[in-house]
Amino acid sequence: MIVCVCNNISEGKIHQAVDAGMTSMTELRKQLGVGTCCGKCHSCAKHVLRECLDKANQTHQGARPMVFHPSLAAA
């Protein structure tokens, strides 16, 4: 779905931006131009950004930490 019609920014581009490390509307605005023209997309873009960040946080919370076992390293 296109989020920002003025700059042709899709949900997918916002997902890619979050995957690349962007975490704020300020970053999306600077890098993608989201919300820099008419501004009507701001609330939708912010919603998509929050969903992406929540999903990323859930993925990282479900990950198991790596544990070093000295006895296995010698094997």
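These are my notebook entries on one predicted chain.

**Ground rules**

I worked from a predicted model, in which local features need pLDDT of at least 70 and side-chain atom pairs count only at pLDDT 80 or more, while totals for chains, interfaces and linings use all residues. I numbered residues from 1 along each chain as its sequence is written, and side-chain values use heavy atoms, with hydrogens and water left out.

**Entry 1: the overall layout**

I began with the elements and found 4 helices and 2 strands. Helices (H or I, at least four residues) and strands (E, at least two) are DSSP runs, numbered from the N terminus. From the N terminus on, I read the order as β-β-α-α-α-α.

Next I looked at cover. Buried residues make up 23% of the 75 residues in the chain; buried means under 20% relative accessible area, exposed over 50%, and partly exposed in between (1.4 Å probe, protein chains only). The chain exposes about 5,600 Å², and carbon and sulfur atoms supply 54% of that area. The areas come from the Shrake-Rupley method with a 1.4 Å probe; for residues, only the protein chains shown count as cover.

I also checked contacts, meaning heavy atoms within 4.5 Å. Of the contacts with a separation of 6 or more, 53% are between residues 24 or more positions apart.

**Entry 2: helix α1**

Which residues of α1 are buried? In this helix, residues 11-19, I noted I14, A17 and V18. They share one side of α1, because they cover an arc of only 100° around the axis. The arc is taken from the directions from the helix axis to the C-beta atoms. As a reminder to myself, an α-helix has 3.6 residues a turn, so residues three or four places apart point the same way.

On the face turned away from the buried side of α1, I found the exposed residues Q16 and D19. Just after α1, G21 has a positive phi of about 115°.

**Entry 3: the strands and the loop between them**

S10 sits in strand β2, residues 9-10. Its relative accessibility is 19%, so S10 counts as buried. Leaving out residues up to four places away in sequence, S10 touches M1, I2 and V3.

I then moved to the loop between β1 (2-4) and β2, where N7 lies. N7 is partly exposed, at a relative accessible area of 31%. What does N7 touch, not counting residues up to four places away in sequence? I listed L32, G33, V34 and T36. N7 and L32 are 25 residues apart in sequence, and their C-alpha atoms are 7.9 Å apart in space.

Two polar details for N7 went into the notebook. Its side chain reaches the backbone oxygen of G33 at 2.6 Å, and a polar contact of 3.4 Å joins the side chains of N7 and T36. A polar contact is a pair of N or O atoms within 3.5 Å; within protein, one must be able to donate a hydrogen and the other to accept it, and residues adjacent in sequence count only if both atoms are side-chain atoms.

V5 has its place in the loop between β1 and β2. V5 is exposed, with a relative accessible area of 71%.

**Entry 4: the cysteines**

How many disulfides does the structure hold? I counted 0, taking a disulfide as a pair of cysteine sulfur atoms within 2.5 Å. C37 is in no disulfide, and the nearest cysteine sulfur, that of C6, is 3.9 Å away. C37 is exposed at 58% relative accessible area, whereas C52 is buried at 6%.
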